[in-house]
Amino acid sequence: MRCIILADEPGWEVLFEDKEAFVEIINTGSSKEFCQISGDAFFDLRDEAWEPFNSLNQSDKPYFIAGVAGTLKAHHCPLNVIRMNTWPGALKRQALECVADTSIQQNAAVVLTALRKNVEWLPDIPGMIMPRVLSMIINEAWFTWGDGVSSKEEIDTAMQLGTNYPMGPFAWGEVIGLNKVCRLLSTLSKDNERYLIAPSLLKEVGL
């Protein structure tokens with residue numbers, strides 16, 4: 001199986017580790033080159049990779065993109081495009097959160113099975129599951145800190161010890177990227193005020 005990759009951040013490699021014996025990986029340097037190479041599956045793993053889709057490779061091969069905050073419907077994606085949760089840590093999980101039209105799901109699952117991954121098909125809504133939950137937890141931590149309840153270090157420690165999380169919300173926010181968190185919260189808050197961004201978090205990212 002030949003996988004064509006376009007990425008601008010590290011971390012995507014974990015999806016293909018130890019699979020070189022049966023997966024040919026071609027990491028391209030530009031979107032133009034990416035669309036011109038033939039392959040069995042395409043992975044545009046740039047953050048929120050919503051290209052103008054008239055520039056896509058004109059094939060029906062599974063076309064995976066990093067698209068957490070956006071939706072396939074809102075971006076008028078072709079039917080072979082699959083949204084993936086690519087936030088830090090997500091690609092290490094055995095089951096990947098994905099969104100796709102039912103017409104491409106079977107072919108996409110074949111690709112992910114070859115990569116020794118299961119797939120969890122989700123509705124085409126912003127944030128999927130893990131990013132929604134994490135963004136809200138991180139946001140609530142910033143509300144708590146902004147109200148002077150406790151320090152960031154104490155909040156992180158309390159969440160780790162109290163919920164057995166691998167890291168606290170402030171540490172998690174740094175790993176994910178606060179701009180990504182705010183972008184998702186901004187999208188979610190358009191339909192639900194519970195996702196309104198904490199003033200302290202807005203200040204932190206300069207919004």
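Met128, leaving aside neighbours within four places in sequence, is in contact (heavy atoms within 4.5 Å) with Gly67, Arg83, Met84, Asn85, Glu97, Val99 and Leu122. This is a predicted model, in which local features need pLDDT of at least 70 and side-chain atom pairs count only at pLDDT 80 or more, while totals for chains, interfaces and linings use all residues. Residues are numbered from 1 along each chain as its sequence is written, and side-chain values use heavy atoms, with hydrogens and water left out.

- Met128 lies in the loop between β7 (118-121) and α3, where helices (H or I, at least four residues) and strands (E, at least two) are DSSP runs numbered from the N terminus.
- With 3% relative accessibility, Met128 counts as buried, a class that means under 20% relative accessible area, against over 50% for exposed and the range in between for partly exposed (1.4 Å probe, protein chains only).
- Although Met128 and Asn85 are 43 residues apart in sequence, their C-alpha atoms are 7.4 Å apart in space.
- Most residues other than glycine have a negative phi, yet Met128, which is not a glycine, has a positive phi of about 55 degrees.
- Glu48, also not a glycine, has a positive phi of about 50 degrees; Glu48 is found in the loop between β3 (41-44) and β4 (63-66) and counts as buried at 15% relative accessibility.

**Asn118 in strand β7**

- Asn118 has its place in strand β7 and, at 44% relative accessibility, counts as partly exposed.
- Not counting residues up to four places away in sequence, Asn118 touches Gln94, Ala95 and Leu96, and the C-alpha atoms of Asn118 and Gln94, 24 residues apart along the chain, are separated by 6.0 Å.

- Beyond its neighbours within four places in sequence, Ile176 is in contact with Trp87, Pro88, Leu134, Ile138 and Val181.

**Largest pocket**

- The largest pocket holds about 270 Å³ of space, a volume being the space filled by probe spheres set on grid points that are joined across faces, edges and corners.
- A pocket is an open set of points on a 1 Å grid over the protein atoms alone, where a 1.4 Å probe fits, with protein on both sides within 12 Å along at least five of seven lines, and lining residues have an atom within 4 Å of a point.
- Its lining comprises 15 residues, of which Pro10, Gly11, Trp12, Thr86 and Pro88 lie nearest the centre of the pocket.
- By class, the lining has 8 nonpolar, 3 polar and 4 charged residues, where Ala, Val, Leu, Ile, Met, Phe, Trp, Tyr, Cys and Pro count as nonpolar, Asp, Glu, Lys and Arg as charged, and the others, Gly among them, as polar.

**Cysteines**

- A search of the whole structure finds 0 disulfides, a disulfide being a pair of cysteine sulfur atoms within 2.5 Å.
- The sulfur of Cys3 is 13 Å from the closest cysteine sulfur, in Cys98, which is too far for a bond.
- Cys3 counts as buried at 0% relative accessibility, and Cys77 is buried with a relative accessible area of 15%.
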